[in-house]
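Here is a short tour of the fold, its cores and a helix pair. Keep the viewer open as you read.

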Amino acid sequence: MKKKLLRMALLSAAFAGLLCVSALADDVTAGGFYDIGTAENVKIEAEASSGTVTKTSADVDEDGAYETFYANSDKLSVVYSGAMSAGDQFVVLLVSGGDLPTVADQIYYIDQTAVEAGSVTFDVYPMLPAETTPMTLYITSDRAGFTTIKVPLNYAVSGTYEVAPYTLGDVNRDGVIDPNDALLVLQYNAELISLDSTQQAAANVTLPWKGDNTIDPNDALRILQYNAELIHSWDENN
């Protein structure tokens with residue numbers, strides 16, 4: 001009997017230890033890009049040179065809000081598909097801060113490539129900053145009339161960040177953000193169903209970090225746009 005109780009105690013302790021490790025693992029993340037902005041005719045994807053990117057919501061800025069965070073991302077795939085002709089040249093720069101660089105600034109990435117099949121693609125391997133840094137990606141061209149494109153984004157170094165206990169947009173918590181989640185938002189707004197507090201937090205995708213705590217059809221629309229890949233993070237185009 002004593003041996004059985006001892007085994008049970010050891011198993012309980014081991015299980016508790018696993019729970020503690022799991023809880024810590026939820027918050028410990030690799031560095032990566034977060035809050036990647038958007039621009040017309042531009043698609044930016046965070047990628048990893050080794051391993052895989054984990055997309056999550058985490059309080060990277062430690063301001064009480066959850067940002068879209070791409071843990072373990074250390075490079076970017078940038079595709080521009082606007083108006084262009086064969087022979088047009090494009091340049092991409094990724095710089096710290098928000099201004100175009102001068103000779104005194106550090107340029108994290110610069111490259112140039114030819115037009116191919118109606119679009120131009122850059123694989124951006126930046127020299128990553130040593131501390132969490134706001135950055136700006138610029139796309140410019142020698143094409144007549146081309147307006148330089150400016151896309152804000154941020155990079156966070158590896159550290160411990162609080163991960164959201166929910167996934168924004170995944171209202172029904174099935175691991176997928178799809179029209180079913182948008183339907184739940186509409187039903188909740190029409191007072192046809194109720195949502196628990198975690199579901200409400202997941203449903204409020206329209207700028208909850210700026211004090212908008214209402215859940216309405218705009219949240220449903222945002223979820224549909226996300227599902228259709230018209231936006232890639234909740235704070236785009238706002």
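What share of the contacts with a separation of 6 or more falls to residues 24 or more positions apart? In the protein chain that share is 66%, where contact means heavy atoms within 4.5 Å.

## The model

This is a predicted model, in which local features need pLDDT of at least 70 and side-chain atom pairs count only at pLDDT 80 or more, while totals for chains, interfaces and linings use all residues. Residues are numbered from 1 along each chain as its sequence is written, and side-chain values use heavy atoms, with hydrogens and water left out.

The protein chain has four helices and twelve strands, taken as DSSP runs (H or I, at least four residues; E, at least two) numbered from the N terminus. Of its 238 residues, 39% are buried, meaning under 20% relative accessible area with a 1.4 Å probe, protein chains only.

The largest nonpolar core holds 25 residues, and L76, V78, L137 and I139 touch the most other members. Such a core is a set of buried Ala, Val, Leu, Ile, Met, Phe, Trp, Tyr and Cys residues joined through side-chain atoms within 4.5 Å. Strand β11 (149–156) is among the elements that give two or more residues, and its four are the largest share.

Apart from this core lies another, of 19 residues, among them Y166, L195, I215 and W234.

## A helix pair

Helices α2 (residues 179–189) and α4 (residues 217–227) pack at about 175°, their axes 8 Å apart; axes are lines fitted to C-alpha atoms over the stretch in contact, with angles from 0 to 180 degrees between N-to-C directions. That angle makes α2 roughly antiparallel to α4 (over 145 degrees).

Among the residues that meet are V185 and L186 in α2 and I223 and L224 in α4.

Methods
Buried < 20%, exposed > 50% of the residue type's maximum accessible area, 1.4 Å probe, protein only. Parallel < 35°, antiparallel > 145°, perpendicular 65-115°, else oblique.
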